[in-house]
Amino acid sequence: VLDRAGHSETPERIALMERYIALFGQESIAMLLADRAFVGRDWFNWLEDHDIPFTIRIAVNRMVTRADSCRVKLATQITHHRRARRC
């Protein structure tokens, strides 16, 4: 869909999602699934602001900011439950 190879930037993702929603409606989105290249605070905030549920794979060594503003490695925040890792 993009006019080049490689990763996309947040404005491109948002424009693509807005185009999709205009054509098919937001109710057609049960869940947005994406790989770890599709990360970023502005992107996640946009998805949340538009009530779009998402599941995005993120590397465990990725640094994240908790609600208390503490920056930690994602791996330290993952809990193990029935052979699955959830965060």
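Predicted model: local features only at pLDDT ≥ 70, side-chain atom pairs only at ≥ 80, totals over all residues.

Analyst: Happy to! Let's begin with the naming: helices are DSSP runs of type H or I with at least four residues, strands are E runs of at least two, and both are numbered from the N terminus.

User: Which residues form the largest nonpolar core?

Analyst: The general idea comes first: in soluble globular proteins, nonpolar side chains tend to be buried together. In this model, the largest nonpolar core has twelve residues, among them Ile14, Met17, Ile21, Trp43, Trp46 and Ile52. At least two residues of this core come from each of H1, E1 and H2.

User: Which residues are buried in H2?

Analyst: Trp43, Trp46 and Leu47 are the ones to find. These three lie on the same side of H2, because the arc they cover around the axis is only 95°. On the other side, Arg41, Asp42 and Asp49 are exposed. The buried residues of H2 pack against H1, E1 and E2.

User: And Thr10: is Thr10 buried or exposed?

Analyst: Thr10 has 17%, so Thr10 is buried. Thr10 belongs to helix H1, residues 10-24. Apart from residues up to four places away in sequence, Thr10 touches Asp42 and Trp43.

User: How many salt bridges does the structure hold?

Analyst: As a general idea, side chains of opposite charge can pair when their charged atoms come close. This structure holds two salt bridges. In one of them, the side chains of Arg57 and Asp35 meet at 3.3 Å, N to O. That pair links distant parts of the chain, 22 residues apart: Arg57 sits in the loop between strand E2 (54-56) and strand E3 (63-65), while Asp35 sits in the loop between strand E1 (32-34) and helix H2 (41-49). Arg57 is partly exposed at 47% relative accessible area, and Asp35 is partly exposed at 38%. The side chains of Asp68 and Arg66 also meet in a salt bridge, at 2.7 Å, N to O. Arg66 is partly exposed too, with a relative accessible area of 33%.

User: Which residues form a nonpolar patch on the surface?

Analyst: For this feature, look for nonpolar side chains with over 30% relative accessible area, joined within 5 Å. Here Tyr20, Leu23 and Phe24 form such a patch, and together they have about 330 Å² of accessible area. Leu23 is in helix H1. Leu23 has a relative accessibility of 61%, so Leu23 counts as exposed.

User: One last item: what share of the contacts with a separation of 6 or more is between residues 24 or more positions apart?

Analyst: That share is 24% in this protein chain.

Terms used:
Residues numbered from 1 in each chain as written. Heavy atoms only, no water. Buried < 20%, exposed > 50% of the residue type's maximum accessible area, 1.4 Å probe, protein only. Contact = heavy atoms within 4.5 Å. Salt bridge = Lys/Arg side-chain N within 4 Å of Asp/Glu carboxyl O. Patch = residues over 30% accessible without salt bridge, like charges linked within 9 Å, V, L, I, M, F, W, Y side chains within 5 Å. Areas by Shrake-Rupley, 256 points an atom, 1.4 Å probe, with all protein chains shown as cover. Core = buried A, V, L, I, M, F, W, Y, C linked by side-chain atoms within 4.5 Å. Arc of directions from axis to C-beta.
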